[in-house]
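Please open the model in a viewer and keep the selection tool at hand. The stops below are meant to be followed in order.

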Amino acid sequence: MSKAGTLDLASGVGGKIEKEEVLTAVEKYEKYHVCYGGKDEERKSNYADMVNKYYDLVTSFYEYGWGESFHFAPRWKGETLQDSIKRHEHFLALQLGLKPGQKVLDVGCGIGGPLREIARFSYTSITGLNNNEYQISRGKVLNRMAGVDRTCNFVKADFMNMPFPDNYFDAVYEIEATCHAPDVVACYKEIYRVLKPGQCFAAYEWCMTDAFDPNNKEHQKIKAEIELGNGLPDIRLTRECLETVKKAGFEVVWEKDLAVDSPVPWYLPMEGSHFSLSNFRLTAVGRLFTRNMVMALEKLGIAPKGSQRVQAFLEKAAEGLVAGGKKEIFTPMYFFLARKPLSETE
Ligand SMILES: C[S@@+](CC[C@H](N)C(=O)[O-])C[C@H]1O[C@@H](n2cnc3c(N)ncnc32)[C@H](O)[C@@H]1O
């Protein structure tokens, strides 16, 4: 669980946005989404603004609730949530066959929780790529505290246009980040370009599953709630995701929706009837507690105006995610391991 406290949460809402501008930013962010009349195309053409606003607004809530790694994980019975999150990160390192000293890229690295864990687990040097300045400033502080600041770094850039030479990295991974891409084939092509030939790219993608029915009103509502609450342009189907990996030039080594066999459902910590002291802040009761606390902090002027609205759309996101998970129409852990061929004719 995060070491971030209530005051860190309050002072961090809005990230790099001026505190008096937070409410306007929330309004602008909400307008991008279906529930507020927003269109897919508009979200895609303004993706950088939409996603950056989203992460400026929510990062301190994420850190408060989740800790340093902003992703879900499959979980064994008897395993803590934090242990399952670490194991999910180690699994990527294992699949990529990381070796000490290799140069690795983390695409859309958040505040660097997975990067620090994987770097220490595999003795690799990891570059975290992120378009959000506030998250990078948090990541740098945490890298120094973890003692990985000499071997790992952050680069502020858009994953649609990476500032790295061709054939540069020994391995690339992304965790629940390229779902934000306005054009996923173009994004995967960038990853392909910077990866050395013969080397691998591994990912955990957010996808709708084959059980999703685009004509079902309830399914549509759940999808829209997930998009609004998570700063996403449009969520693809798992099979579309697989096609995009191939279109970018990769050969797929293997792929699987890891949610399917998870003994403990990934959405359990956020489910209404579930209670846990160790993950209290993520539970429905914990979120109710946070809602009241944020309301009080905003009234007292400690948290900026608009903070409650952020809490409200995150609450919607949690409801959408739980509903999507229960109906098995959505997964945040569609895994694939893909290899860049040694040559175009290989
Ligand atoms: C759900 S967070 C996951 C963070 C991290 N992978 C983790 O698991 O902790 C998604 C991340 O993708 C980053 N991101 C979104 N769009 C991006 C873009 N166009 N270029 C670079 N990073 C981006 C966000 O800033 C955020 O850090």
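The model is predicted: local features need pLDDT of at least 70 and side-chain atom pairs count only at pLDDT 80 or more, while totals for chains, interfaces and linings use all residues. Residues are numbered from 1 along each chain as its sequence is written, and side-chain values use heavy atoms, with hydrogens and water left out.

Begin with the seven strands, which form an open, mixed sheet in the order 3-2-1-4-5-7-6; strands are DSSP runs of E, at least two residues, and helices runs of H or I, at least four, numbered from the N terminus. Strand 3 and strand 6 (251-257) are the edges, each pairing on one side only (pairing requires at least two DSSP bridges).

Select strand 6 with strand 7 (residues 330-339): the two run antiparallel and are joined by six bridges. Trp254 stands opposite Leu337 of strand 7.

Next, select helix 7 (residues 133-146), whose 14 residues reach 20 Å from first to last C-alpha. Helix 7 lies across strand 2 and strand 3. Its buried residues (under 20% relative accessible area, 1.4 Å probe, protein chains only) are Tyr134, Gln135, Ile136, Gly139, Leu142 and Asn143. At its start, a side-chain oxygen of Asn132 comes to within 3.2 Å of the backbone nitrogen of Tyr134. Just past its end, Gly147 has a positive phi of about 75°.

Finally, select Ser84 in helix 5 (residues 81-96). Ser84 is buried, at a relative accessible area of 0%. Beyond residues up to four places away in sequence, Ser84 touches Ala73, Pro74, Arg75 and Glu79 (heavy atoms within 4.5 Å).

Methods: Buried < 20%, exposed > 50% of the residue type's maximum accessible area, 1.4 Å probe, protein only. Expected span 1.5 Å × (residues − 1). Polar contact = N/O pair within 3.5 Å; in protein donor to acceptor, adjacent residues only side chain to side chain. Axes fitted to C-alpha atoms, helices over the stretch in contact; angles between N-to-C directions.
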